[in-house]
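Let's take a walk through this one together. Have a look at the chain below, and then we'll go from its contacts down to a couple of backbone details.

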Amino acid sequence: MALIYSLYIINKSGGLIFHKDFAPISRVDLNDSLRLASIWHSLNAISVQLSPVPSCTGIELLEAETFNLHSFQSVTGTKFVLVVDPRASSVPAFLQRVYQLYTDYVLKNPFYEVEMPIRCELFDAHIEAAVQKYPMMS
Amino acid sequence: MAARHTRNIVDRPIWKSKGEASTVSFSAFAFLFSELIQYSQTKVKSTAELENRLEVAGGEIGRRLLELLTYREKAPKRKTRLLDLLKFVHTTVWPYMFGKTADSLEQANAADDEYMISDVNLALTKYISVPRDMGSFNPGALAAGIVKGILDAAGFPARVSTHYVDVPGLSKPQTTILMKFEPSVMQREARLEPRAT
């Protein structure tokens, strides 16, 4: 069974620009995922304000009994959110890989407008391939 | 190595020592090419015009490349035969631009005056996903322009176009650059052909 459930990419104003599910789990419908993205964006902003020490970058990990939610924020404020199985390992490294694919196949694509929803075939294909390569649960 | 690069690029000789490969950052190129396409898009109304603009841009590069790369050859010589020139494009220009020779160079089956250079993964198109509404637009038009620039400047005028061709067994379509030479070129070729006696 795949350990990676889904990937969300949220732009710097809290809009969902990319969403993909990888496991046959109960899917979140489009409206809910948009809401989820903006709520996560706000929570992140609040957590930065709450931090007693300066230069906090926001929530990085949310642990639950049935899933873990890893979040990574790039320097431009784009957030990459991965929902994974609690048994999944080296997720931060995988998030870095996703970020790398994003900089290559989205930002270097002349037909992509920044902050807009991502519709790039090559990005989709490479994300899919990266998830396939991620160790599976036997 | 370090000493070689202490000199400014314009102060270095055009001639290069053997094995010295000039390299530029592929990312920097990808961003520049992306900007070129985005800028061109603001100036055109259709994808055909966009391809045309890229070809014109490539033409300028091609003319200069012919000059430079011919000069850097072991025995600089003007190419007077069609095949010599095509081999030059395939085995000298391609490695200079992309670090490898083109995947194939062949003559079209249907016509004598048509030749094709194909590449499965043309480096130009590596990061570019063409949206569906752009139809058959191929960013490789820049490469077609470069080839056209070389052919024109060498005295082999041709019509050059880029196409995506689906190849069985490959997930990605390959990019084929089709060259159709003008009748005058083919007539000259026929004249230069040594007569079998």
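In chain A, 47% of the contacts between residues at least 6 apart in sequence join residues at least 24 apart; contact here means heavy atoms within 4.5 Å. This is a predicted model, where local features need pLDDT of at least 70, side-chain atom pairs count only at pLDDT 80 or more, and totals for chains, interfaces and linings use all residues. Residues are numbered from 1 along each chain as its sequence is written, chains are lettered from A and ligands numbered from 1 in the order in which they are written, and side-chain values use heavy atoms, with hydrogens and water left out.

As for the layout, chain A has three helices and five strands, running β-β-α-β-β-β-α-α along the sequence. Those are DSSP runs numbered from the N terminus: helices are H or I with at least four residues, strands E with at least two. Of the 138 residues in chain A, 46% are buried, that is, under 20% relative accessible area with a 1.4 Å probe, protein chains only (exposed is over 50%, partly exposed in between).

Now for the backbone details. Most residues other than glycine have a negative phi. A:Ser90, though, has a positive phi near 45°; A:Ser90 sits in the loop between β5 (79–84) and α2 (91–105), and counts as partly exposed because its relative accessibility is 48%. A:Glu115 isn't a glycine either, yet has a positive phi of about 75°. You'll find A:Glu115 in the loop between α2 and α3 (121–133), partly exposed at 27% relative accessibility.
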